[in-house]
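Dear colleague,

Please read them with the model open beside you.

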Amino acid sequence: MDEIAEVALVSKPVLYQHFPGKRELYLALLDSHLADFTKLLDDAIASTDDNRQRVFETINTYYQYIKRESQAYRLIFESDVLSDPLISARIEEFNNALAVSISKVVVKDTDLNEDEGLLIGRALAGLSQVSARYWATSDEPVDQETAVDLISRLAWRGISRFPKEN
């Protein structure tokens, strides 16, 4: 808390007025970063009606966020306190909300039911998250543009095989 107060340019008592302990401070930061990331992903999903471009934009958002907000991304996905039930519940809420957002588009544009759409949403979100996290920690042997293109083509080739049956 001493280091945080120093970086925030406030006294330690002022910091404790707002956050009784490290966990509360962590939760406040986590909530703020998750809200920001959720907004970026929701904007990407809503950015176009062209589903191929929507897949690209959403995956690109993951890569951009991890590249640009490396500390926030570590706080969300790589913290040593992720086993804390309250923290893991917040991460699960984030993952579920993203999967639901994706599934709404999938169900609307395919012949899949809601449960199937949610499974696809989880898979696409997981593909984005895992590949972006790997890319960010691998000293970037593949540049960002190429990585996003490869992963979005992989995702699109999979999801485009579920057209709405008329």
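Contact here means heavy atoms within 4.5 Å, and helices (H or I, at least four residues) are DSSP runs, numbered from the N terminus. This is a predicted model, in which local features need pLDDT of at least 70 and side-chain atom pairs count only at pLDDT 80 or more, while totals for chains, interfaces and linings use all residues. Residues are numbered from 1 along each chain as its sequence is written, and side-chain values use heavy atoms, with hydrogens and water left out.

On that basis, Ile59, Tyr62, Tyr63, Ile66 and Lys67 in helix 4 meet Ala125, Ser128, Gln129, Ser131, Ala132, Arg133, Trp135 and Ala136 in helix 7. The residues of this contact divide into eight nonpolar, three polar and two charged, where Ala, Val, Leu, Ile, Met, Phe, Trp, Tyr, Cys and Pro count as nonpolar, Asp, Glu, Lys and Arg as charged, and the others, Gly among them, as polar.

Elsewhere, Ala46 lies in helix 3 (residues 22–46) and is exposed, with a relative accessible area of 62%; exposed means over 50%, buried under 20% and partly exposed in between, with a 1.4 Å probe and protein chains only. Ala46 and Gly21, 25 residues apart in sequence, are separated in space by 38 Å, C-alpha to C-alpha.

With kind regards

Conventions. Helix = DSSP H or I, 4+ residues; strand = E, 2+ residues; numbered from the N terminus.
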